Amino acid sequence: MKLTILGGGGFRVPLVYGALLTDRAEGRVTEVVLHDLDDSRLYAVAKVLEEQAARVPDAPKVTATTDLDEALRGADFVFSAIRVGGLEGRAHDERVALAEGVLGQETVGAGGIAYGLRTVPVAVDIARRVARLAPDAWVINFTNPAGLVTEAMSRHLGDRVIGICDSPVGLGRRIARVLGADPKEAWIDYVGLNHLGWVRGLRVAGRDELPRLLADPDLLGSFEEGKLFGVDWLQSLGAIPNEYLHYYYFNREAVRAYQQAVKTRGAFLADQQARFYEEMKRPDAAALTTWDRTRAEREATYMAENRETAGAGERDADDLSGGYEKVALALMRAIARDERTTLILNVRNQGTLSVLDTDAVIEVPCLVDANGAHPVAVAPLPEHATGLVCAVKGVEREVLAAAESGSRTTAVKAFALHPLVDSVNVARRLVEGYTDVHPGLAYLK
């Protein structure tokens with residue numbers, strides 16, 4: 001089976017390959033094609049993968065190319081993890097927004113809109129190429145903003161594109177762990193959009209254990225989300241929000257913390273990864289050791305400003321392992337071998353949430369089999385969550401409309417309607433600021 005990884009020179013690709021190395025069953029991925037626009041990054045990542053595979057018999061063969069059509073042709077699965085504009089673009093997203101006093105995070109608020117506006121046209125081109133060159137392929141989208149990009153691609157690929165994210169997986173794992181349950185045995189009632197969802201229940205052997213957690217202040221305050229949001233707020237919500245909702249519930253504090261930081265997250269990662277890729281140019285570089293060290297630092301500093309604002313301290317060691325690569329592997333295995341499983345994924349709504357139309361991409365538990373991912377029926381969201389979901393989905397639709405039409409006016413509308421942008425005039429200045437620094441937004445007229 002052939003897997004094509006778009007963004008194949010990306011820093012986290014070894015996580016995906018490492019997951020593939022654990023799969024020894026019949027029908028596994030035997031060929032991995034890395035595609036990237038940057039030869040030197042492809043070379044660096046290929047060195048890490050080579051060391052990963054050194055002691056693994058029959059490891060998937062790895063090739064690399066800068067030719068997109070060549071990479072896609074004949075693929076069974078396409079894993080999309082591109083970053084249009086690179087980490088420098090992410091740093092620009094942050095700086096422009098923070099200068100206006102609004103959030104610049106890569107998937108939430110102004111930064112997420114800017115990232116989406118320059119990513120959607122590229123993702124749509126990829127979707128069209130997949131439809132032409134690999135019509136039977138399944139696309140697994142990890143490109144951010146994941147829900148928005150998945151919806152853009154679904155307009156050309158239908159249900160053959162599925163978005164993944166490790167945030168719900170990590171959240172469910174933490175809740176199960178603190179309750180003394182096996183995450184593999186728990187049913188997680190999670191509903192929302194990507195980076196905008198809530199765990200409303202966690203069932204073990206048919207019993208919902210979440211009320212027990214919410215009723216115990218010591219237990220509730222003992223894990224990441226309890227520390228981040230505070231016990232009182234979680235009890236008020238009666239649910240456990242995705243960590244990214246901290247940007248909404250504590251927006252003023254988050255923006256202030258980002259403004260006061262020595263470096264934005266994007267600037268930090270740009271510098272960190274530049275050192276990694278530069279070191280990989282040395283013929284004697286210990287590729288896997290260097291990558292492991294760099295990854296550990298990256299994971300430990302994740303959402304550091306939010307945790308500092310909340311007084312949450314450092315991340316627990318168990319939360320430093322990521323998880324999206326395991327979701328990707330489980331998804332591929334379920335489809336390729338009809339190994340039926342349940343995963344929280346980004347898929348078309350299909351009537352799951354009645355407040356959104358059929359084609360709106362949402363993030364919910366799905367039953368996965370050889371025919372793809374099928375969203376499970378869920379109870380309606382409470383009004384406060386429904387309002388936020390509908391508002392953000394409305395913004396996503398304006399982003400898609402702007403990307404399709406090239407309308408600068410529609411782009412301004414997308415920014416202005418976002419709950420975390422507090423003025424139409426700010427929205428106008430954001431569009432001006434972003435078009436000044438991003439060549440990829442030159443299409444907006």
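1. Pro-439 is exposed, at 72% relative accessibility. Pro-439 sits in the segment after α20, the helix of residues 424-437. Gly-394 lies 45 residues from Pro-439 in sequence, and their C-alpha atoms are 26 Å apart in space. Please keep in mind that this is a predicted model.

2. Next, helix α20 and its partner α4. Helix α4 covers residues 86-99, and its axis comes within 10 Å of that of α20. The two axes cross at roughly 150 degrees. The cut-off for roughly antiparallel is over 145 degrees, so α4 and α20 count as roughly antiparallel to each other. The crossing is right-handed. From α4, the residues in contact are His-92, Asp-93, Val-96 and Ala-97. From α20, they are Leu-430, Gly-433, Tyr-434 and Val-437. By class, this contact has five nonpolar, two polar and one charged residues.

3. Helix α20 also meets α19. Their axes come within 8 Å and cross at roughly 125 degrees. That angle makes α19 oblique to α20. The crossing of α19 and α20 is right-handed. On the α19 side, the contact is made by Arg-408, Ala-411, Val-412, Phe-415 and Ala-416. On the α20 side, the residues include Val-424, Ala-427, Arg-428 and Leu-430. Val-431, Glu-432, Tyr-434 and Thr-435 of α20 take part too. By class, the contact of α19 with α20 has nine nonpolar, one polar and three charged residues.

4. Helix α18 spans residues 383-405, and α19 spans residues 408-417. They pack at an angle of about 165 degrees, with their axes 8 Å apart. The pair is therefore roughly antiparallel. The crossing of α18 and α19 is left-handed. Helix α18 contributes Val-395, Glu-398, Val-399, Ala-401, Ala-402 and Ser-405. Helix α19 contributes Thr-410, Ala-411, Lys-413, Ala-414 and Leu-417. By class, the contact has seven nonpolar, two polar and two charged residues.

5. Leu-148 deserves a look. This residue is in helix α6. Leu-148 is buried, at 4% relative accessibility. Which residues does Leu-148 touch, not counting residues up to four places away in sequence? They are Gly-116, Val-120, Glu-396, Val-399 and Leu-400. Val-392 is 244 residues from Leu-148 along the chain, yet their C-alpha atoms are separated by 10 Å.

6. Check the peptide bond from Asn-144 to Pro-145. The bond is cis, with omega near -10 degrees. Most peptide bonds are trans. Pro-145 is in the loop between β5 (138-141) and α6 (146-157).

7. Two residues have phi values to inspect. Most residues other than glycine have a negative phi. Asp-58 is not a glycine, but its phi is positive, at about 60 degrees. Asp-58 lies in the loop between α2 (39-53) and β3 (61-65). Asp-58 is exposed, with a relative accessible area of 58%. Gln-350 has a positive phi as well, near 50 degrees. Gln-350 lies in the loop between β11 (341-348) and β12 (361-369). Gln-350 is partly exposed, with a relative accessible area of 41%.

8. Last, the cysteines. Cys-366 is buried, with a relative accessible area of 0%. For Cys-390, the closest cysteine sulfur is in Cys-366, 19 Å away, and that is also too far for a bond. Cys-390 is partly exposed, at 32% relative accessibility.

Technical notes
Residues are numbered from 1 along each chain as its sequence is written. This is a predicted model: local features need pLDDT of at least 70, side-chain atom pairs count only at pLDDT 80 or more; totals for chains, interfaces and linings use all residues. Side-chain values use heavy atoms; hydrogens and water are left out. Buried means under 20% relative accessible area, exposed over 50%, partly exposed in between (1.4 Å probe, protein chains only). A disulfide is a pair of cysteine sulfur atoms within 2.5 Å. Axes are lines fitted to C-alpha atoms, for helices over the stretch in contact, and angles run from 0 to 180 degrees between N-to-C directions. Helices (H or I, at least four residues) and strands (E, at least two) are DSSP runs, numbered from the N terminus. Angles under 35 degrees count as roughly parallel, over 145 as roughly antiparallel, 65 to 115 as roughly perpendicular and the rest as oblique. A crossing is left-handed if the near helix is turned anticlockwise from the far one by less than a right angle, and right-handed if clockwise. Contact means heavy atoms within 4.5 Å. Ala, Val, Leu, Ile, Met, Phe, Trp, Tyr, Cys and Pro count as nonpolar, Asp, Glu, Lys and Arg as charged, and the others, Gly among them, as polar.
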